[in-house]
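Subject: Structure handover

Hello,

Here is the structure I promised to pass on. Please open it alongside this note, and my findings follow below.

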Amino acid sequence: MLVSDMSSNKKSPQHNSVDNTFPRDPVRDLTTNMVLPTRDPISDTIRDPTTNMFPRDPTTNLFPASRDPTTDLFPPLNLPVRHHSIDGLAYPISCPPDRVKSTDLFDPRDGDVVVSGYPRSGTSLALALCREIHLLQNPKLAREHPFFLDQMPRDQMPWIHSNFSSSTNLDKIPSPRVFKTRNHYQHLNLNREKVKVIHVIRNPKDTVCAQFSHMASSNSKSGFKGTFEEAVTWFLSHGFDNGCYWTFNRGYLNNKNQLNMLLVTYEEMVMKKPDAITRINQFLGYDDLDKEEVRFVDRVTEHALPKPGRARELLSFSKRCVFDQRSRKEFDGVSVDIPESYFDEEMYLNQC
């Protein structure tokens with residue numbers, strides 16, 4: 001709707017002629033009306049007045065570099081995305097401090113599983129694999145319990161430390177339960193004798209590509225306005241709304257012996273999925289699956305996830321080497337085996 005089409009009996013917010021914007025709604029942090037078209041001096045493109053966004057480059061599908069990357073930072077940690085700071089660690093805006101630090105969100109039971117992982121690492125697929133293995137191994141539960149008959153799959157595996165599960169009574173979910181968390185290891189707050197942890201990691205070169213794609217999507221509420229190059233710079237320094245990739249993962253990997261934990265990689269779940277299914281099934285404590293059962297779990301959890309190697313197209317060779325050197329340094333001495341493709345360019349390209 002253009003300004004001239006607005007109803008005359010509805011008072012419009014006062015337009016700011018200095019920065020060419022309307023005031024923002026203090027509750028939703030959105031503009032109370034549209035922004036007038038302006039030209040991007042770098043890409044020579046016109047801002048869309050209805051979306052307040054510049055068009056994407058049709059070749060790269062990325063936004064043009066139309067801004068100073070230091071001007072759109074959010075408090076309290078001065079990150080380019082909205083976030084909470086809890087004990088100095090960044091968290092998604094959907095994870096308030098009271099839930100992140102809570103120790104009584106649910107009464108732990110033997111067999112509870114929590115899937116942890118840095119954003120865009122493949123936790124959704126790991127959750128789906130756990131759910132389908134549980135239902136396959138407990139067919140009566142799948143057929144008869146109303147929770148599994150009436151609830152959407154995502155609601156059956158709630159993100160326990162976020163607002164998305166605040167209205168869910170976690171203790172009414174039937175066993176075996178599968179939960180998701182984005183908590184840093186310092187805030188895991190779980191009964192470590194009863195709860196099993198499946199930690200998922202992904203090659204950081206591909207993780208940053210997936211994270212930028214997610215933040216730049218039209219339905220993202222992150223607030224990120226930068227280019228891909230800026231996203232890479234932030235990823236290598238402070239990270240986004242879950243902090244630094246290496247710091248987050250190192251917390252779990254260095255404390256593996258303090259948890260009943262299984263490490264699963266995104267690459268294994270996508271490229272060697274039957275092996276991942278077999279390992280997760282064993283970790284959950286079930287008898288071995290036969291080949292048909294493995295194929296069934298594989299088929300019903302089929303996700304349109306990209307194969308490893310996306311960074312080959314988006315990151316330059318020199319930048320990929322920067323990631324390799326950083327991973328080699330950060331993961332040195334951890335108590336688990338990290339795939340060689342996280343450190344080595346040739347190994348990375350051979351898996352693509």
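P80 counts as buried because its relative accessibility is 4%; buried means under 20% relative accessible area, exposed over 50%, partly exposed in between (1.4 Å probe, protein chains only). P80 sits in the segment before β1 (84-86). Helices (H or I, at least four residues) and strands (E, at least two) are DSSP runs, numbered from the N terminus. Leaving aside neighbours within four places in sequence, P80 is in contact with D72, L73, F74, G223, F224, W234, G239 and F240. Contact means heavy atoms within 4.5 Å.

A word on the source. This is a predicted model, with residues numbered from 1 along each chain as its sequence is written. Local features need pLDDT of at least 70, side-chain atom pairs count only at pLDDT 80 or more, totals for chains, interfaces and linings use all residues, and side-chain values use heavy atoms, with hydrogens and water left out.

Overall figures

The protein has 13 helices and 6 strands. Of its 352 residues, 47% are buried. Take the contacts with a separation of 6 or more: 66% of them join residues 24 or more positions apart.

Backbone points to check

Most residues other than glycine have a negative phi, and most peptide bonds are trans. Some places here depart from that.

- P75 and P76 are joined by a cis peptide bond, with omega about 5°. P76 lies in the segment before β1.
- S175 and P176 are also linked by a cis peptide bond, omega about 5°. P176 belongs to the loop between α4 (146-150) and β4.
- N78 is not a glycine, yet its phi is positive, about 55°. N78 is in the segment before β1. With a relative accessible area of 49%, N78 is partly exposed.
- R120 has a positive phi near 65° and is a residue other than glycine. R120 is placed in the loop between β3 and α2. Its relative accessible area is 33%, so R120 is partly exposed.

The sheet

Strands of a sheet pair through backbone hydrogen bonds, either parallel or antiparallel. Here, 4 strands form an open sheet in the order β4-β3-β5-β6, with parallel pairing. Two strands pair if DSSP finds at least two bridges between them. The edge strands are β4 (178-181) and β6 (260-265), and each pairs on one side only. From one strand to the next, the twist averages 25°. Strand β3 (residues 113-117) pairs with strand β5 (residues 196-201) in the parallel sense, over 5 bridges. Within that pair, G117 has V200 of β5 as its bridge partner.

Helix α2 packs on the sheet and touches β3, β4 and β5. The direction of α2 makes about 160° with that of β3. Axes are lines fitted to C-alpha atoms, for helices over the stretch in contact, and angles run from 0 to 180 degrees between N-to-C directions. Helix α9 (residues 273-283) lies across β5 and β6. It runs at about 170° to β6.

Helix pairs

How do α2 and α10 cross, and at roughly what angle? The axes of α2 (residues 123-137) and α10 (residues 291-300) come within 10 Å and cross at roughly 135°. That makes α2 oblique to α10. Angles under 35 degrees count as roughly parallel, over 145 as roughly antiparallel, 65 to 115 as roughly perpendicular and the rest as oblique. On the α2 side, the contact uses L129, E132, I133 and L136. On the α10 side, it uses E293, F296, V297 and V300. By class, this contact of α2 with α10 has 6 nonpolar, no polar and 2 charged residues. Ala, Val, Leu, Ile, Met, Phe, Trp, Tyr, Cys and Pro count as nonpolar, Asp, Glu, Lys and Arg as charged, and the others, Gly among them, as polar.

The axes of α9 and α10 also come within 10 Å, crossing at roughly 110°. The two helices α9 and α10 are therefore roughly perpendicular. K273, P274, I277 and T278 of α9 meet V294, V297 and D298 of α10. The residues in the contact of α9 with α10 divide into 4 nonpolar, 1 polar and 2 charged.

Best wishes
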